[in-house]
Amino acid sequence: MELDFVQWTVIGVLLILPILYELSSTFKYYAKFTLYVTIVMICSLFTIPIAALRPRDVRNHRYPAWCIKHIIKPLFSIAVEVRGAEHLKSDTSYIIVCNHQSSLDLIGMMEIFPERCATLAKKELLYAGPLGLGLWLIGTIFIDRLNNEKARGTLEKTANLIKDKHLKVWVFPEGTRNAGGSFLPFKKGAFHLAIQGQVPVVPVVMSSYSEFYNKKQKKFGTGKFIITVLPKISTEGLTAENVGDLTEHVRKQMLDVYNETSLESAQAKLSNGVK
C-alpha cells in the first residue's frame with residue numbers, strides 16, 4: 001500500500017527532529033525546556049489527587065519531591081552536590097532565603113527541602129494550571145507583590161503560622177528570577193518575617209547553572225551545580241530597625257559563596273573536559 005502525503009510528512013518530521021536536536025542548540029533548548037515543563041505539569045497532576053486528601057498540608061511536598069528526584073533529575077542528567085545540609089536539621093522554625101535563577105531551582109529545592117516547610121511564592125503561580133493547584137495543595141503561601149497592603153497582610157499571617165504551626169518558610173528574596181551572574185537587590189519581606197517571628201535566617205546558595213543552562217544563549221545541556229547551606233543567623237533581640245542591615249549582611253554573605261562555588265563548578269567542568 002502506498003504511503004499518502006500525511007504519512008510521508010510524519011515520517012519526514014520524525015527523521016528530521018533528531019538531526020535538529022543534535023545540530024541546533026536552540027532547538028535542543030526549546031525541546032528540553034518544553035519536556036521539563038511538561039513533566040513538571042504531569043508531576044503536579046500526580047500530586048493533586050493524593051494531596052487533596054489533606055489539602056494545604058506542607059507534608060504533601062514529599063510527592064513532588066519524589067518526582068523531581070527520581071524522574072526529572074536523572075532524566076536531564078543534572079547532578080547536585082549539597083554542602084552544609086546539617087544546618088537544615090532542626091525541629092524549630094526558621095526562614096530559608098535562597099537565590100533564584102530559573103524554574104530549574106525546583107531541582108535544588110526538592111533536593112534539600114526540609115520537613116514542615118512552606119514556600120512563599122508570587123500569586124501569579126496560583127493560576128498556572130495544574131501547577132498552581134498542586135502548589136496550593138502542598139501549602140504554598142501566595143503573595144501579591146503588586147499590592148503592598150495585601151503583601152504585608154500575607155506576611156503577618158505567615159508570621160502567625162510560623163508561631164502557631166512551627167513552620168519553616170522558603171523565600172526567594174530577589175523576588176524574581178535572575179540568571180545574570182550576580183544577585184538582584186534583596187527585598188526585605190523575608191527579613192521582616194524572621195525578625196517579627198524572632199526565628200533565625202538560613203541562607204541557601206545555588207551556584208550558577210551557566211555551565212549547562214542559559215536562557216539567553218538557548219543552552220540546555222547536562223551538568224552539575226552546588227547547593228551550599230550556610231549556618232543559621234540569629235534574629236534574637238533584633239527589631240524592625242535592624243532589617244536593612246540584616247538584609248545586606250545576608251546578601252553579601254550569599255553572594256560571596258555564590259561567586260566561589262560558581263567558579264569552582266566552572267573550573268571542575270573545564271578540568272573534566274565536559275562539553
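The model is predicted. Its open sheet has 7 strands in the order β1-β9-β6-β2-β5-β3-β4, and the pairing is mixed. β1 (78–83) and β4 (141–143) are the edge strands; each has a single partner strand, so one side of each lacks a neighbour in the sheet. From one strand to the next, the twist averages 20°.

Inside that order, β2 (residues 95–98) pairs with β5 (residues 168–171). The pairing is parallel and runs over 3 bridges. Ile-95 has Val-169 in β5 as its bridge partner.

Two helices lie across strands of the sheet. Helix α6 (residues 148–165) lies across β2, β3 (117–122), β4 and β5, and runs at about 160° to β4. Helix α7 (residues 189–197) lies across β2, β5 and β6 (201–206), and runs at about 160° to β2.

Next, the helix pairs. Helix α3 (residues 62–75) takes part in a crossing with α4 (residues 105–112), and α3 also packs with α2 (residues 25–51).

| Helix pair | Axis separation | Angle |
|---|---|---|
| α3 and α4 | within 9 Å | roughly 120° |
| α2 and α3 | 10 Å | about 155° |

Take α3 with α4. Their axes cross at roughly 120°. That angle makes α3 oblique to α4. The crossing is left-handed. On the α3 side, the contact residues are Pro-64, Ala-65, Ile-68, Lys-69, Ile-72 and Lys-73; on the α4 side they are Leu-106, Ile-107, Met-110 and Glu-111. By class, this contact has 7 nonpolar, no polar and 3 charged residues.

Now α2 with α3. The two helices pack at about 155°. Because angles over 145 degrees count as roughly antiparallel, α2 is roughly antiparallel to α3. This crossing is right-handed. α2 contributes Leu-35, Tyr-36, Ile-39, Val-40, Cys-43, Phe-46, Thr-47 and Ile-50, which meet Tyr-63, Pro-64, Cys-67, Ile-71, Ile-72 and Leu-75 in α3. The contact divides into 13 nonpolar, 1 polar and no charged residues.

One record entry remains. Where does UniProt place the feature "transmembrane region"? The unreviewed entry gives residues 5–21 and 33–53. In the model, residues 33–53 are 90% helix and 0% strand. The end C-alpha atoms of that stretch are 31 Å apart.

Note on methods:
Residues numbered from 1 in each chain as written. Predicted model: local features only at pLDDT ≥ 70, side-chain atom pairs only at ≥ 80, totals over all residues. Heavy atoms only, no water. Axes fitted to C-alpha atoms, helices over the stretch in contact; angles between N-to-C directions. Helix = DSSP H or I, 4+ residues; strand = E, 2+ residues; numbered from the N terminus. Parallel < 35°, antiparallel > 145°, perpendicular 65-115°, else oblique. Left-handed = near helix turned anticlockwise from the far one by under 90°. Contact = heavy atoms within 4.5 Å. Nonpolar A, V, L, I, M, F, W, Y, C, P; charged D, E, K, R; others polar. Pairing = 2+ DSSP bridges. UniProt positions renumbered as here; feature names shortened; annotations may be inferred.
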